[in-house]
Structure formats: C-alpha cells, structure tokens
Amino acid sequence: MLRSSIRVSILWLLVGAGVAQETTGTLSGSVSDPSGAVVPGARVEIASPTLVRALAAVTDSSGGFQFPLVPPGTYTIGVQAQGFRGLKQAGVTVAVGRTTSLTLKLEVGAVTESVVIQASAVQIDTTASSATINVTQEFFDRMPKSRSFDSLIQLAPGVRNEPKSGQYTVDGASGSENSWIIDGVERSSIRTGALGGSASIPYEFVQEVEVKSSGFEAQYPATTGGVINAVTRSGGNDFHGQVGLYFNNDALQARPRPTLRLVPTDSSRNSIEYFQNSRDPYRTLGPVLSLGGRIVKDKAWFFGGWSPLFTRTTRVTSFFDDPSHRPRDFETRSRRDYLTGKLDYAPTSKLRGFVSYLYSPTKTNGNLPAQDGTSRSTTPWTQLGSRSPAATYGWSVTYTPTAKLVVNYHGGFVYTNTKSYGVPSNIFYSFQNSSIGLPGVPANLQAPTGNFTPGTNQTNFDKQNRQVHYLDADYLLSRWGQHNFKTGYSINRLSNDVFTGYPNGYFLIYWNLTYSGVTRSDTMRGPHGYYINRVIGTKGNVGSNNEGFYLQDNWRVNRRLTLNLGVRFDREFVPSFRTDNGAKSRAIEWGFGDKLAPRLGFAWDVLGNARWTLKAGYGRLFDQFKYELPRGSFGGDVWLDFVYPLDDPDILKITPANTPGNLFEVVDWRITSNDPGNNLIDPNLAPMRKHYYNLLTDYRLTETTVLSVRYTRNRLDRAIEDTGLLTSRGEQYFIANPGYGVTADPRNYPAGFPTSPAAVQNYDALEIRGDKRFSRNFMYAASYTYSRLWGNYSGLASSDEGGRTSPNVDRNFDLPWEKYDGGGKPVYGLLATDRPHTFKLFGSYSLRSRVGSTSLSPVFQAFTGTPLSTEAGVISLPILVNGRGDLGRTPVYTNTDLQIGHEFKLPRAREGLRVRVQGDLFNLFNQGNVTNSYVRYNHSSDGNLQFARQADIFKGFDYRALMQVQKKRVDPRFGLANGWQGERFTRLAIHFIF
C-alpha cells in the first residue's frame with residue numbers, strides 16, 4: 001500500500017498539469033456472486049476487433065474493475081473466479097469519452113463451465129455529468145451527408161450549421177469557439193478557430209465522432225463552445241477495405257438562386273433587379289480507396305486511405321468594361337487530397353500505442369470572374385490560383401504498469417500553408433475616379449473608376465503550425481467508494497509565419513481631386529490631382545505557448561451516485577508581430593491563476609439498474625486566444641499611405657523606385673495597440689470567460705430506445721474586443737474587456753460619451769431527444785429544442801456581420817455608438833442566430849430481399865427563422881437604429897435530405913465482398929426558403945450619416961429625418977430577400993466493400 005501511494009505521488013508530481021484529448025472510452029464494473037456479495041480476485045479480460053490485443057485486470061477488494069483509455073468499439077468481456085462458472089458477455093459498446101458500467105453476476109460451478117450472455121440493451125453512462133452525443137458508423141453508413149465527417153455532428157440537439165455564426169453553433173456559441181480534435185490533436189484554425197478544409201476528412205476514414213455540448217470534465221481544453229472529437233479508423237486482425245467513387249455535376253443540380261443587386265448600368269444606383277445566376281457546367285469526382293489489416297496478429301495493425309476530390313468548373317461570361325461585350329470562356333480546376341495512414345502497435349499487454357498521419361493539400365488552377373459581368377476583363381483569370389499544403393502527425397503511447405494505474409503520452413504536429421500563384425507581376429494602379437475626358441490625360445490612360453491594371457495582392461506564404469504534447473495518468477482507488485483520479489499536463493506550441501501584400505507596388509490615383517490632410521489640417525493637390533503610394537499587407541514570424549494543468553476525480557460514492565470533481569488551470573501568452581518599436585514580444589500574458597476553471601457535476605442512477613439517470617453540472621470555460629487579433633493589432637497588418645501631388649498625368653512613370661512630387665504626408669492607418677509609447681492594452685485585461693449550468697436526464701424506454709431531456713444555461717462573463725474611438729488618424733483601439741477596466745473609465749471617453757457596455761450573451765435551452773439504435777430494420781435520432789439567445793454580443797464569430805470569423809476584432813464595440821440604437825439606448829435583444837424552435841429527425845429504414853438490402857434514410861429539419869434588424873450607416877459603421885429584431889424574422893426554415901442505398905453481394909464472390917450503390921439528395925423538394933434580407937436602410941452609395949458632434953448620437957436622433965436633411969436616399973434593396981436556401985443537388989456513389 002505504501003509503495004502504491006509513493007508511486008501515485010511521484011506520478012502526480014511528474015504530470016502536474018494538463019489536458020487530455022480523448023480518443024478513447026472507459027469500461028468499468030463490478031463482479032458479484034448469486035447473493036450479491038462482491039467477488040474480489042476475479043480475472044476480467046476484454047477483447048474487441050478495435051483493440052489490438054486483449055486486456056486483463058483483477059477485481060479489487062470491492063469487486064470492482066476498470067479499463068480506462070480503451071478504443072471505441074464493441075467488446076466481449078470474460079470473467080473467471082475460483083469456485084464459479086466462467087462468464088462471457090458479448091456486444092458491450094464503448095464510446096469515445098463515455099464510461100460503460102457493468103454489473104456481472106457469477107454462478108456457482110466449475111471454472112471450466114461457462115455462461116454466455118449477449119448484451120442487448122442500449123447502455124447509458126451512469127457516471128458522467130456531461131451532455132454528450134456519439135456518432136458511430138451506424139449513422140456514417142446510412143445518413144445523407146457531405147463528404148466530411150463534421151456534417152453529422154448536427155445529430156446533437158444544440159448543434160446547427162449556422163452560416164451567420166461562422167460555422168457550427170453549439171449551445172449558442174459561435175463557430176469560432178469550438179474545439180475540433182482529430183486523433184487527439186487540436187485541428188481548429190489558430191487564426192479563426194474554425195474547422196478548415198484541410199481537417200474536414202472524409203467520413204470513411206473516421207471510426208467515431210463525439211460531440212460534447214456542456215458538462216465538460218477538467219481534462220477538456222480551453223474552449224467556450226463545443227468539443228468535437230473524431231477518432232480515425234484502425235486496422236484489425238482481418239483485412240478489410242473498400243474502393244469507391246462519388247460523382248456529381250451540374251445536370252444533377254437545380255437552377256441556382258438569384259442575386260439581389262443594383263443594376264450595374266444605372267449610373268444613379270437607384271434601380272434594382274434579381275439577377276438570375278446561370279448554372280455553371282461542373283463535374284466533381286471523388287474516388288475512395290482504403291485498406292486495413294494486420295501486420296502481426298494481435299500485435300500490429302495498419303490502416304491506410306486515399307480520397308482525392310477533383311472539381312472542374314467552366315463559365316462563359318462577358319464584361320461591362322469590355323466595349324465588345326464578347327463572351328469569353330473560363331475554367332477553374334481544383335484538387336483536394338486526403339491521404340491517411342495509421343499504425344497501431346501493442347508489443348505487450350501493458351504497452352500499446354499508435355501513430356497516425358494525414359496529408360490534405362489543396363490546389364486551384366484558374367479563377368472565375370463574376371457571372372454578372374462586373375469583374376475586370378483585364379484580370380488574368382486563367383493564370384490565377386493557389387496552393388495550400390497541409391499535414392497532421394499524431395502519436396500516442398499508453399502504459400499500464402498495474403491494473404489500477406494507466407499513463408498516457410499523446411502528441412501531434414499540424415502544418416498548414418497558403419500560397420498564391422499566377423498573380424501578375426505588374427505595378428497595380430487603381431483609379432479612384434474616372435479619367436475619361438479630363439484635359440491633358442493621354443488617351444491610353446483614360447479609363448473609368450476601378451483597377452487600371454490587374455490587382456496583384458498575393459499571399460507569398462501563410463504558415464500556421466501547431467505542436468502539442470499531453471501527459472496524463474488515471475489511477476483507480478477503492479476507498480470511501482471508488483475514485484478514478486486523473487491528472488495531466490499539456491503544452492500547445494503555436495506559430496505563424498506570414499507575408500502578404502503587393503510586391504511590385506500599389507498606387508491609388510485621384511484624378512483632378514484635392515486631398516484633405518489627416519496629420520495636417522490643410523488641403524493639397526497637384527495640377528492633375530494627387531496619388532497615394534499604399535504599402536499594405538501582413539508580415540511577421542511569431543510563436544506562443546499555451547500550457548494546461550488539470551486534476552479530476554470521478555468519485556463513485558456508491559453503486560448509484562458518482563461525483564465529478566475537477567479543476568483545470570491554463571496559462572498562455574499572445575505574441576507581438578512587431579517588436580522593432582520596443583514592443584514586448586509577449587503582448588498579453590495570463591498565468592495559471594488567471595484561468596482557474598472548476599468543473600463540477602454529479603450523476604445519479606435513480607433506480608440502480610442503469611435505466612434512469614439524473615445528472616447536473618457547473619463549470620467555467622475559457623477561450624484559447626486566436627491569432628486574428630495580434631495579426632491586426634500587434635503589428636502584423638501594415639497600412640501606410642504616402643501621399644503625393646499628381647504633377648504629371650503619365651501615371652505609368654510612377655513606380656516604387658520613382659515617386660515624383662513633394663511628399664504631402666505619411667499616414668499610418670494601423671495604430672498598433674501594443675506600441676510601448678502609446679500602449680492601448682488594458683493592464684488588467686482578463687481572459688474571455690463563460691460559465692454554464694447543466695441539468696439532464698436519460699431514461700431507457702425500451703432495450704433499444706432512450707429518451708433524454710436537458711436544460712442548459714450559458715452565460716458570458718467577459719469578452720475581449722478591440723474597443724475603439726475615432727481620432728484624426730482613424731480608429732484607435734483599446735484591447736480590453738468591454739464594460740470593464742479602461743472601457744468602464746469615463747476619463748477615456750470625450751464629454752457626452754457613455755462608457756462601453758459589457759458584452760452580454762445569454763443562452764437558455766430545453767431539449768428533448770429520442771434515440772433508437774438499429775433494430776427491427778429501422779433507427780432514428782429525433783430532437784426538439786426550445787431556446788433563447790439574447791444579448792448584444794454573438795461571440796468570436798459575428799452574426800451581426802453575416803458570420804464574419806475575425807475573433808476579437810470584428811465590428812463589435814469598434815466605436816462607442818456601435819452598441820446603441822437611434823434612441824440613444826444600449827442595444828440588447830435577440831441575437832441574429834436566435835431560433836426559439838428547432839426540430840431535427842434523422843432516420844433510416846432497411847428492407848431486405850433476395851436481391852440485397854435497400855435503405856431509405858431521410859433527414860428532416862425545421863427551424864424558426866432568425867431575427868432581422870434595420871441598420872443605418874452612422875459615421876463609419878452601421879448601427880441597429882430600431883433595436884434588435886424590428887423587421888421580424890426570416891420565414892420558418894425547413895429542409896429534407898434523403899439517401900437511397902442498395903447493397904448486395906456479387907454472384908460467386910467471396911463472403912465478405914459487397915457492393916453498395918447510393919444516391920444522396922440534398923434539399924429533396926428544392927425548397928427556396930428565404931434565409932436573409934437586405935437590412936441597410938440608407939443607400940450604400942450615398943455614404944453614412946454624419947454628426948457635427950459625435951456625442952449627439954447618444955442623445956437620440958431620427959435617422960429618417962436626418963437622411964432627408966443630408967440628402968441620403970433609402971436603399972432600394974431595403975427589406976427585400978437577398979439570401980435563400982441552397983438549391984437541390986444530387987450526389988451518386990458506388991462502393992466495393994470487402
């Protein structure tokens with residue numbers, strides 16, 4: 001006992017801190033005799049097609065056993081004890097992130113005799129307080145879905161693919177707040193937090209996906225959204241694989257939706273039309289190849305897969321700026337590769353691990369101009385393109401020195417890069433007004449407003465790397481019940497090396513116009529106007545470290561009650577992209593004490609038979625800071641304007657090496673917030689934080705059906721935003737917590753300005769969910785959610801900006817009046833992705849016959865529409881002049897998808913060879929529900945409303961009357977639909993499975 005205590009103490013000192021990225025589940029239970037008395041010393045062995053080699057344990061003094069960190073799959077459990085008949089129970093399911101608990105009863109008899117039991121009832125996790133949905137192969141094989149694994153996470157009731165939220169919203173959080181994990185390696189973008197295309201791996205390569213909405217245990221990472229774990233497939237003792245092909249083209253797609261626009265040929269900009277987009281001819285091919293099997297039976301397995309996606313699209317269009325209006329042909333070709341490999345190895349029963357690899361680059365040749373002819377004809381569309389290399393490496397080693405102690409080391413490396421190619425090498429000249437007919441301007445330089453030469457903005461490289469290391473331990477202690485202690489440490493190393501811009505110069509030409517100074521108060525011009533040499537782009541090479549530390553005790557007080565008691569600590573720093581001005585390399589730092597996150601909960605087995613559970617949880621959630629803000633505010637983004645007189649109308653003489661004329665002024669539009677001479681970072685800046693309460697219950701109605709009810713309450717405690725003021729040089733931003741610190745100090749605002757309101761986001765939801773696993777030829781997952789999303793802040797992705805993913809630097813709080821309405825009142829209300837009623841049904845029915853098995857799998861979704869709010873441009877940004885939701889909501893959204901599949905065996909083929917043909921029909925009935933309306937009231941061509949004194953905004957104003965005084969028109973598009981449900985399209989596939 002003393003040696004065990006010393007071993008545990010040393011382990012806790014070694015691992016000290018961390019985060020476990022789950023790729024496994026837990027199988028635990030107890031062994032008793034016919035009278036119910038515990039049986040210590042019984043040998044328990046588990047085996048599964050997903051486990052490289054069988055594992056064994058011996059029950060402790062309380063008859064308990066536990067197998068933590070086992071791969072998801074279906075297990076067979078064998079039990080042997082002296083004086084009892086052997087017991088074998090098959091069909092026991094273990095899911096990612098869940099604990100499967102069993103009560104095994106032995107019968108008196110000879111050890112050589114055995115009793116075989118087939119598990120039939122769906123199993124409920126009676127020990128965890130989290131809200132978790134597991135999506136298994138059962139759904140992967142049957143549901144209509146995109147090619148990526150992420151499309152099926154919508155089985156979770158609180159999850160929707162919400163464009164205005166930037167991606168998937170989970171329990172009201174925006175798409176930039178989720179944590180995406182593949183084989184234990186975080187794959188969320190370090191810049192935006194979203195799941196990028198390089199990580200959207202095909203579902204054929206995925207074993208299981210876990211979606212945690214709330215009730216996280218302490219090992220889960222810093223995130224204010226959901227946690228999505230995907231575990232890739234492994235090999236096995238038998239060889240299995242498939243060869244398949246996906247196909248779709250324009251003939252399988254309905255007519256595209258129109259585009260609401262101002263008529264391009266109307267110079268008054270007062271006529272509108274619905275431009276009917278044509279259907280571009282395209283073809284997409286997606287072959288799939290995979291093979292898994294053994295290298296050494298019960299010791300080493302492999303799995304490999306390759307699934308490229310080839311897309312070719314052509315377009316015929318003419319251009320308004322081409323006098324001949326001659327139709328021209330264009331083509332773009334893209335290729336996305338997904339090449340994966342995984343090796344599982346278990347040299348002994350106590351040591352096992354895996355190595356995985358994913359290569360997922362993309363390449364595009366040629367770009368397409370706009371269908372409506374508004375693009376520039378001089379742009380070399382066929383030459384343009386991009387390339388984005390991407391690769392992920394993951395590895396894990398699990399060591400089980402004793403039946404009670406498991407140690408795991410997990411690591412990974414993620415590399416992505418984005419590059420432009422085919423961009424012209426010319427100097428970029430852009431006319432800010434027309435030169436046609438101006439005296440002295442050469443004929444070859446007379447052109448309308450717009451790009452005189454092709455644009456040359458390009459990304460030379462944008463490398464984003466993530467390197468992770470996790471060290472965790474599980475220890476089982478039977479004292480005052482049963483304790484499953486967990487502890488761990490993690491380090492997450494991030495880096496970004498970027499260089500974008502106009503390598504050969506960028507000049508803006510203002511013909512015959514006068515320049516008003518920014519850093520000086522006078523006006524200036526040359527004989528033919530003025531020009532600006534603009535130096536703009538992003539550059540820098542930075543890195544940062546995030547560390548985590550957690551302690552967790554899942555304490556099974558008795559057979560029916562489990563307490564989940566955990567706490568985690570994180571520390572991180574945010575880098576500066578520019579340090580040549582004396583700025584600190586670490587612009588923001590938070591220590592372990594700044595990110596103290598308790599995670600508390602309980603699970604109660606009400607009847608004691610794993611049929612009905614009641615659970616509750618509370619926790620704090622912190623965000624892991626994204627790189628979008630430091631790129632923009634800490635020196636990554638550069639925007640310098642060098643202003644000169646236009647003395648000579650021959651603008652082609654102007655080059656980066658020759659800027660004629662006397663320099664008027666230099667304006668630096670990027671006021672860095674970490675400049676030590678004018679530091680605008682709140683010295684008491686606190687990390688973004690939420691807290692939640694979670695109450696849920698699961699009840700097994702039948703052996704295959706579970707009814708679940710959940711109430712969740714999420715509250716935003718603090719946000720971080722670039723909170724600004726308008727100065728003579730543009731907007732100056734404090735990096736702060738809106739409503740706290742410097743933003744709550746009246747001394748930082750001009751007279752008549754209120755201080756910043758706090759960021760508010762309140763989410764409340766009641767969910768009812770029914771799940772039936774496949775039996776009697778059908779299955780379903782149905783849910784109804786009644787929810788409310790209220791406040792003034794939508795999260796790290798901005799729903800007020802149509803889903804903009806610029807964490808911490810979107811439009812929120814940019815200027816003091818942005819959060820006030822036309823009456824001078826703070827704007828609170830239903831946020832732009834609030835949907836009070838959400839219903840989802842995923843189902844599948846199979847009909848067997850002599851010619852095989854035919855499946856029909858519908859997905860039906862019905863959502864309340866989203867709020868619409870009038871916007872009016874005021875000075876430099878739009879505000880919600882009538883508050884939130886004054887225009888009502890978009891119509892109710894309904895959508896039906898359907899998969900039709902047929903599977904059969906080839907005549908005379910070996911037993912394991914099957915053929916599956918299927919068609920996925922998305923938006924089966926081609927419904928065209930309106931998803932958005934044009935909400936800006938004053939005309940976009942007339943500029944914003946102006947005020948002599950900015951403080952007058954907060955006194956309230958009649959925006960309609962003010963528009964009449966300032967001669968601002970109502971935009972003719974106001975109130976009209978400008979977004980629709982995607983049109984119907986069909987994808988066909990054939991698979992040979994063996």
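## Terms and basis of the model

A residue is called buried when its relative accessible area is under 20%, exposed when that area is over 50%, and partly exposed in between, as found with a 1.4 Å probe on protein chains only. By this rule, Y793 and F813 are both buried.

The structure is a predicted model, in which local features need pLDDT of at least 70, side-chain atom pairs count only at pLDDT 80 or more, and totals for chains, interfaces and linings use all residues. Residues are numbered from 1 along each chain as its sequence is written, and side-chain values use heavy atoms, with hydrogens and water left out.

## Nonpolar cores

A nonpolar core is a set of buried Ala, Val, Leu, Ile, Met, Phe, Trp, Tyr and Cys residues joined through side-chain atoms within 4.5 Å. The largest such core has 35 residues, and V135, F139, F149, I153 and V209 have the most contacts inside it. Among the elements that give two or more residues to this core are β9 (131–135), α2 (137–140), β14 (206–214) and β49 (778–791). Helices (H or I, at least four residues) and strands (E, at least two) are DSSP runs, numbered from the N terminus. Strand β14 supplies the largest share of the core, three residues.

Contact means heavy atoms within 4.5 Å. When neighbours within four places in sequence are left aside, the contacts of V209 include I133, V135, F149, I153 and I228. A second, separate core of 23 residues includes V39, V44, Y75 and I77.

Two strands pair if DSSP finds at least two bridges between them.

Strand β1 (residues 25–32) pairs with β7 in the parallel sense over seven bridges. Within this pairing, L102 in β7 is the bridge partner of G29.

## Strands β49, β51 and β52

Strand β49 pairs with β51 (residues 837–849) in the antiparallel sense over nine bridges, and the bridge partner of A782 in β51 is L841. Strand β51 also pairs in the antiparallel sense with β52 (residues 852–863), over ten bridges. Here F842 stands opposite V859 in β52. A hairpin joins β51 to β52 through two residues.

## Aromatic rings

Rings of Phe, Tyr and Trp (its six-membered ring) pair if their centres lie within 6.5 Å; planes under 30 degrees apart count as stacked, over 60 as edge-to-face and the rest as tilted. The count comes to 40 aromatic pairs. W790 and Y828 form a stacked pair, 5.7 Å centre to centre with 15° between the planes. This pair links distant parts of the chain, 38 residues apart: W790 lies in strand β49, and Y828 in the loop between β49 and β50 (829–830). W790 is partly exposed, at 24% relative accessible area, and Y828 is partly exposed at 33%.

Y793 and F813 form a tilted pair, 6.2 Å centre to centre with 45° between the planes. These two residues are 20 residues apart, and each lies in the loop between β49 and β50. Ring pairs also link Y429, F507, Y531 and Y644 into a cluster.

## Charges over rings

A charge sits over a ring if NZ of Lys or CZ of Arg is within 6 Å of the ring centre and within 35 degrees of the ring normal. The charged end of K819 sits over the ring of F813, 5.0 Å from its centre. K145 lies over the face of Y203, at 4.4 Å from the ring centre.
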